[in-house]
Amino acid sequence: MKSHVRVAVIGGGVVGCSVLYHLTKKGWPDVALFERDELTSGSTWHAAGGMHTLNSDPNVAKLQQYTIELYNEIEEVSGQSCGIHLTGGIMLASDNDWLDYLKVARSKGRVLGLDQEFISVAEAKEMHPLINEKYFVGALYDPFEGHVDPSGVTNAYAKAARMGGAEIYRHTRVVELNQTADGGWDVVTEKGTVKADMVVNAGGLWAREVGRMVGLELPLLAMEHHYLITEEVPEVKAMDKELVHTIDFGGEIYMRQEHDGVVMGTYEQGGVPWSERNTPWDFGHELLQPDLDRIADNLEVAFEHFPALAEVGIKQAINGPFVFTPDGNPLVGPVGGLKNYFAACGVMAGFSQGGGVGLTLANWMVDGDPGFDVWAMDVSRFGTWAGTAYTNAKVRENYGRRFRVSFPNEELPAARPLRTTPVYDRLVTENAVWGAGFGLESALWFAPKGDEPVENPTFRRSNAFGAVAAECQAVRSGVGMMEISGFAKYEVTGADADGWLSQMLANKIPRAGRLTLTPMLNHDGRLIGDFTVAKATDERFYIFGSGLAEAYHMRWFGSHLPEGGRVTVRPLTSELLGLSIAGPKSRDLLARLTAEDVSNAAMPFLSFREMELGMIPAKVGRISFTGDLGYEIWVRSDYLLALYDLLRETGADLGLALFGGRALDSLRLEKSWGTWAREYRPLYTPFEAGLDRFVDMKKNDFVGRDAALKANEGSNGRRLTTLVVEAEDADVGGDEPILQNGEVVGWVTSGGYAHHAGASVAMGYMPGDLAASGAPLEVEIMGLARSARVQVEPLFDPKAERMRG
């Protein structure tokens with residue numbers, strides 16, 4: 001065993017072996033994998049081996065496509081068969097909701113170039129003769145689905161990695177991880193200690209234990225999962241080609257061929273966690289006791305939907321543990337607060353995602369960046385609030401919903417409410433309909449008095465439509481108030497704070513008492529942040545951004561802090577909370593609360609003041625994401641309730657109305673303003689996103705400057721564009737294709753109904769010359785092409801006279 005390696009990968013399942021292979025492929029041969037038993041000894045060996053591209057996030061779907069395409073490569077490199085069966089697949093819709101879901105999925109697939117097509121139930125039966133047609137209304141066919149041999153794939157990765165110089169140490173359990181003074185790690189095993197520059201936690205079932213070695217509690221939980229292998233099925237044996245991979249969403253069943261029978265698995269309601277707190281180190285090539293009573297209801301449906309299965313015996317019942325995260329996507333990337341410690345765990349769909357996870361992490365470790373947008377898998381999307389009890393509740397919920405329709409406007413109830421602010425109860429009494437982001441409850445909209453505060457899940461316009469329209473009108477015609485505590489807030493202090501921020505952010509840093517809007521770029525010149533920066537004093541700044549990205553951004557800030565302690569960054573998560581007032585009467589309301597002069601002359605647009613509002617010390621910025629005259633008011637958490645009551649009482653005769661996140665989204669669309677993780681993400685440069693006016697190219701030292709210029713020079717000319725769409729009862733939600741003459745020319749990033757303007761709006765990326773040409777365009781919504789036109793100017797206040805006046 002070596003005494004030193006560049007990277008120690010802990011865990012010998014399909015994910016660990018994929019990471020090892022990709023590191024060698026990137027030119028790092030001095031890497032080693034440590035496995036406590038044999039390769040595949042965790043969940044890998046008993047997996048069903050299915051592979052598909054279906055995922056709610058197109059960027060993850062693209063990595064799943066990469067994984068499937070990779071199998072031929074690793075077979076050729078290693079000489080080890082992966083047992084590839086590219087049978088194609090059908091996804092069956094049992095009702096119109098599932099048909100809508102598949103229409104949305106196909107739209108996303110078109111953006112990725114996937115060759116999916118709708119087929120009739122009769123055509124589906126030709127591919128899968130076991131189907132009982134009366135239970136289905138349609139199907140989506142994907143030629144890029146099938147299954148592989150789990151052991152073959154894992155060993156192909158391992159052999160290919162060894163050929164690239166890697167070493168694999170079987171029966172070598174890691175028992176301790178100790179950080180060294182140089183930022184590396186002492187990897188203590190049962191057979192001795194190996195020094196490693198970097199460590200990868202690919203522990204699978206034991207990823208929690210590997211995390212706890214460094215004081216980390218990862219949001220992971222193993223669930224028992226059943227699948228059955230049947231005896232010979234005559235109809236399958238009689239086929240002249242292999243049965244297609246099949247998902248019956250309504251029946252919560254997946255199926256593929258196994259010899260002349262089938263493998264049939266299910267995600268039942270009331271799933272059972274396995275080993276909730278700790279995974280035994282001596283758990284090996286073992287299965288759990290089957291509990292067919294638990295899945296009896298699902299089997300009954302299966303026998304109705306596929307009657308031939310009721311006539312054959314069960315050869316084997318498999319019940320094994322698989323690890324899940326709260327949202328079902330993997331945990332990948334560098335862990336904030338720990339040097340050189342990377343996660344590659346929680347990969348439940350290992351044979352659809354393992355290759356993509358390995359590629360992502362190898363890029364991140366070697367190049368310092370994953371190379372594409374992997375937000376949906378980034379370990380930083382969870383904060384410390386995602387503890388064991390939260391994880392347990394959300395994983396149980398997620399498991400039982402794996403084959404349930406996920407609606408774009410649906411808010412799931414498990415583990416909620418968890419984080420709330422002092423005005424939560426006040427907003428409950430106002431009939432708020434709640435959502436949660438980064439564990440924090442926030443009001444989405446307010447149901448009319450007497451109505452139940454519940455939104456009906458749908459792919460079309462919901463019962464929120466009228467209420468949100470009223471909230472938008474209240475803001476545009478008078479004054480509205482919204483809680484903004486869910487924004488991320490950071491305090492940056494120190495003698496070198498100004499210079500450090502200038503280096504980290506693309507725009508110039510404001511003078512004291514002012515705000516600026518600025519992107520943050522990675523080293524490749526692409527967008528990783530969109531912030532408002534306030535300068536309070538020469539050595540104290542506040543940064544405001546997306547609450548969902550707080551851990552993501554703190555990881556970036558922390559990794560770029562200079563030594564010597566002359567700059568400090570800290571999140572003000574629950575310490576600084578806020579309310580926003582917006583609309584033409586918002587200045588009148590603010591003026592009633594303070595002796596300060598808040599006229600336009602004294603407090604113009606992008607001003608920042610620390611002042612008393614009544615008896616409450618507050619930080620007030622003249623800015624509003626509504627695009628209207630407005631103010632963001634930030635106070636210490638113990639003042640928020642008093643501020644809320646003061647604003648409500650003082651603004652009553654002005655018609656002060658509450659509005660929520662849905663109205664804010666509608667209002668910002670009228671200004672053609674993008675948002676983090678939709679329009680602004682690491683796929684795009686600031687020039688493509690239309691943020692060039694917030695990039696100060698006179699500065700010559702900010703991160704990503706030269707790379708952004710180079711990327712823009714070599715750009716394909718895509719630009720963020722606003723479209724007005726001739727929609728009917730459904731608006732875009734994101735990831736729909738933009739079409740010209742039936743061909744995909746771009747993609748939607750976000751959209752919805754702009755209530756004040758009375759228009760359905762889509763924002764997305766397409767070639768800039770096409771956008772400027774005035775050519776007729778279409779956007780696909782729910783499987784139908786809807787006419788669209790480019791909206792050059794903002795629909796509301798195009799000259800920004802209200803906002804700046």
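A salt bridge is a side-chain nitrogen of Lys or Arg within 4 Å of a carboxyl oxygen of Asp or Glu. Keep that cut-off in mind for this predicted model.

Start with arginine 514. This residue sits in the loop between helix 13 (497-504) and strand 24 (515-521). Arginine 514 is buried, yet it has no salt bridge. Aspartate 597 is the nearest side chain of opposite charge, and it is 13 Å away. The salt-bridge limit is 4 Å. What does the side chain of arginine 514 reach instead? It reaches the backbone oxygen of phenylalanine 605, at 3.0 Å.

Elsewhere, charged side chains do pair. The count comes to 52 salt bridges. Side chains of opposite charge can pair when their charged atoms come close.

Take glutamate 232 and lysine 237. Their closest N and O atoms are 3.6 Å apart, and the two form a salt bridge. Glutamate 232 is partly exposed, with a relative accessible area of 41%. Lysine 237 is also partly exposed, at 48%.

Next come glutamate 276 and arginine 396. Their side chains meet in a salt bridge at 3.8 Å, N to O. Glutamate 276 lies in the loop between strand 16 (273-274) and helix 8 (296-305), and arginine 396 lies in helix 10 (residues 388-400), so the pair ties together parts that are 120 residues apart in sequence. Glutamate 276 counts as partly exposed at 40% relative accessibility. Arginine 396 counts as partly exposed at 36%.

Now look at arginine 718 and glutamate 688. They form a salt bridge, with the closest N and O atoms 3.0 Å apart. This pair links distant parts of the chain, 30 residues apart. Arginine 718 is in strand 33 (residues 718-725), while glutamate 688 is in the loop between helix 17 (661-669) and helix 18 (705-713).

Some charged residues join a network. Asp100, Lys103, Arg460 and Asp729 are linked by salt bridges in this way.

Asp100 leads us to helix 3, where it is one of the buried residues. Helix 3 covers residues 96-112, 17 residues in total. From its first C-alpha to its last it reaches 24 Å, close to the 24 Å expected at 1.5 Å a residue. At its start, a side-chain oxygen of aspartate 95 reaches to within 3.2 Å of the backbone nitrogen of aspartate 97. After the helix comes glycine 113, whose phi is positive, near 80°.

Other buried residues of helix 3 include Trp98, Leu99, Tyr101, Leu102 and Ala105. What do the buried residues of this helix pack against? Their partners include helix 2 (58-78), strand 4 (89-93), strand 5 (117-119) and strand 6 (138-142). Strand 34 (737-740) and strand 37 (777-781) are also among them.

Move on to asparagine 319, in strand 17 (residues 314-324). At 0% relative accessibility, asparagine 319 counts as buried. A polar atom of its side chain lies 3.3 Å from the backbone nitrogen of histidine 225. Apart from residues within four places in sequence, the contacts of asparagine 319 include Glu224, His225 and His226, and also Leu287, Leu288, Gln289 and Pro290.

Serine 462 sits in a loop between strand 21 (440-446) and helix 12 (465-477). Serine 462 is buried, with a relative accessible area of 16%. Leaving out neighbours within four places, it is in contact with Asn409, Glu455 and Asn456. Aspartate 369 is 93 residues from serine 462 in sequence, and the two are 39 Å apart in space, C-alpha to C-alpha.

Finish with the cysteines. How many disulfides does a search of the whole structure find? It finds 0. A disulfide needs sulfur atoms within 2.5 Å. Cysteine 17 is buried, with a relative accessible area of 0%. Cysteine 82 is likewise buried, at 0%.

Terms used: Residues are numbered from 1 along each chain as its sequence is written. This is a predicted model: local features need pLDDT of at least 70, side-chain atom pairs count only at pLDDT 80 or more; totals for chains, interfaces and linings use all residues. Side-chain values use heavy atoms; hydrogens and water are left out. Helices (H or I, at least four residues) and strands (E, at least two) are DSSP runs, numbered from the N terminus. Buried means under 20% relative accessible area, exposed over 50%, partly exposed in between (1.4 Å probe, protein chains only). Lys and Arg count as positive and Asp and Glu as negative; His and the chain ends are not counted. A polar contact is a pair of N or O atoms within 3.5 Å; within protein, one must be able to donate a hydrogen and the other to accept it, and residues adjacent in sequence count only if both atoms are side-chain atoms. The expected span of a helix is 1.5 Å times one less than its number of residues. Contact means heavy atoms within 4.5 Å.
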